[in-house]
Number of protein chains: 2
Amino acid sequence: MPTIIDGKKISAEIRQEVKTEVSEIKARGMEPHLAVIIVGSDPGSQVYVRNKHKACEEAGIRSTVIEMPETTTQEQLLAQVEKLNQDKTVHGILVQSPVPKGLSEEKAFESIHPLKDVDCFHPQNVGLLMLGRPRFLPATPAGVIELLVRYNIKISGQYVVIVGRSNIVGKPLAGMLAQKSERGNATVTVCHTGTKGLAYYTKQADIVIAAAGRPGLITGDMLNSNCTVIDVGTNRIPDATKKSGYSLVGDVDFESASKVAANISPVPGGVGLMTIAMLLKNCVMATKLQS
Amino acid sequence: MPTIIDGKKISAEIRQEVKTEVSEIKARGMEPHLAVIIVGSDPGSQVYVRNKHKACEEAGIRSTVIEMPETTTQEQLLAQVEKLNQDKTVHGILVQSPVPKGLSEEKAFESIHPLKDVDCFHPQNVGLLMLGRPRFLPATPAGVIELLVRYNIKISGQYVVIVGRSNIVGKPLAGMLAQKSERGNATVTVCHTGTKGLAYYTKQADIVIAAAGRPGLITGDMLNSNCTVIDVGTNRIPDATKKSGYSLVGDVDFESASKVAANISPVPGGVGLMTIAMLLKNCVMATKLQS
């Protein structure tokens, strides 16, 4: 039986650590404050924003949610961001993705002051990350690495195969893991939809990170028995037995993969919970950067 | 016998294309203008700067070389960059690397206006590149890709192994080649000094790109017979038979590698010449961005 990498347990540890740090910051007279802008009424986004708000409150971080209507113009969105940029009581700003059609998410991300960019989506912060001088770490990739580190899974000198090349997971994670640093120094392959013979790569890997957004993409026969599998997939599939009408599944076929892998993170209960925990860490970091 | 990828021929083609484009720009009343700052008297840097100056002149690009003494302070260097940022007749600025000890190269690069950053070293431009929305392409990685494209060597769907993870070659090149784009879409592995069993990776590769800065690192027995080898190495080794006292060698042992590979780029006569040609292209791009 593999070791189950427990995102619930680790994320709770981190949230506790953040809470302690927030208390210390408050004792010095500052109050970390995250502002989240949500435009429109996407139900998934509303759940995410609610979860972030709740996590902030539990950690002692002040959280302001700004709801803007579906009809918001680009100018109105940018003006709202600018108002928060100017607000000295706000340390972190994020614009919940996706924004309604017709609005540019890129322009919104770029309008956030780089020191308040707790999602690490601003090109300047992406660049600093790639150059090995990160200001913030993007939450999901940082959560993946945190899980590996806290389970004492070696990264340096290991062979990591990342499946997926998104701007928020695959690409930054590849850069972070290949970096000459304490938590990097791995040999890293980025695979994607254009890769021929995916199993050839995953079979060799010490660590497989699935972040392609395709349910069941990674199966047990594509793995070796010493490997660690981290599942970043968060796919909603219809499920009539659930009250919500859907189930959340990863990119890994847990049933077959868990019979082969040495360590595996489940969905739900894995990386998803880490993302919010790492966001909280970035809020603390942003507060320090602006003090 | 392999096909020799001729950087001299391809770079001459590109320089001719740039020359034509510069004429058209001049006919519209603009004069592309590159300003190069060189601090101190490193002999290698002086050769590079001289070559860039000559290449600009041949292409019809105005070139200003600003020589600053070894004793230049950080403030003086930044003030000089700022002067060029403000100068509307200057479209491209570069600070020749390395700068003397005690000066921060990073701060100098970051002080260049992103629209004039023809080296693509500014964090904002590095970020845009990684996000798949490049403003400029870094010259050496772009030169590698241009060689592959002009020799009709397929990139999409192929397996590329990059040896080296520098900020100016390995890392941006990995991002560019993995990108979902016409000149990308490869499966990419980044290997480096921390990689165990380098030959295992290179042997599988359709394209091997050597950019580690270690003479003779890649030998014929590490390659397969269908592969293309691009040598980015520019190592100086002592050579008493040369007037300069040194020879320029790559990271690839050409003697053994050329007996195995299907296509191979030599050093000198390969990527090195492409770097300056691609820099000229960036000067034209910068002029357009500011017009």
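Author: Two strands pair if DSSP finds at least two bridges between them. Keep that rule in mind for this predicted model.

Reader: What makes β6(A) and β6(B) a pair?

Author: The rule asks for at least two bridges. Here 3 bridges join β6 (residues 187-191) of chain A to β6(B). So the two strands pair, because the cut-off is at least two. They run antiparallel. Within this pairing, Thr189(A) stands opposite Thr189(B).

Reader: How do you know that β5(A) and β7(A) pair too?

Author: The same rule applies, at least two bridges. Strand β5 (residues 159-163) and strand β7 (residues 207-210), both of chain A, are joined by 4 bridges. Their sense is parallel.

Reader: What order do the strands of the open sheet take?

Author: The open sheet has 12 strands, in the order β1(A)-β11(A)-β8(A)-β7(A)-β5(A)-β6(A)-β6(B)-β5(B)-β7(B)-β8(B)-β11(B)-β1(B). The pairing is mixed.

Reader: Why are β1 (3-4) of chain A and β1 (3-4) of chain B called edge strands?

Author: Each of them pairs on one side only.

Reader: What relation superposes chain B on chain A?

Author: A rotation of 180° does it, with 0.0 Å of shift along its axis. The RMSD is 0.0 Å. That is the relation of a two-fold axis.

Reader: How do you know that the copies meet through the same surface?

Author: Of the interface residues of chain B, 100% are also interface residues in chain A, so the surface is the same.

Reader: How many residues does each chain bring, and which elements of chain B take part?

Author: Chain B brings 25 residues and chain A brings 25 residues. On the side of chain B, α5 (123-130), α7 (170-178) and β6 (187-191) give two or more residues each. The most come from α5(B), with 7 residues. That side of chain B divides into 9 nonpolar, 12 polar and 4 charged residues.

Reader: Why is α1(A) called roughly parallel to α10(A)?

Author: Two packed helices are described by the angle between their axes and the distance between the axes. The axes of α1 (residues 7-27) and α10 (residues 271-289) of chain A come within 8 Å and cross at roughly 15°. Angles under 35 degrees count as roughly parallel. So α1(A) is roughly parallel to α10(A). Their crossing is left-handed.

Reader: Which residues make that contact?

Author: Among them are Ile10(A), Ile14(A) and Val18(A) of α1(A), and Leu273(A), Ala277(A) and Leu280(A) of α10(A). The residues of this contact of α1(A) with α10(A) divide into 11 nonpolar, 4 polar and 4 charged.

Note on methods:
Residues numbered from 1 in each chain as written. Chains lettered and ligands numbered in written order. Predicted model: local features only at pLDDT ≥ 70, side-chain atom pairs only at ≥ 80, totals over all residues. Contact = placed C-beta atoms within 7 Å. Nonpolar A, V, L, I, M, F, W, Y, C, P; charged D, E, K, R; others polar. Least-squares fit on C-alpha atoms with pLDDT ≥ 70 in both. Axes fitted to C-alpha atoms, helices over the stretch in contact; angles between N-to-C directions. Parallel < 35°, antiparallel > 145°, perpendicular 65-115°, else oblique. Left-handed = near helix turned anticlockwise from the far one by under 90°.
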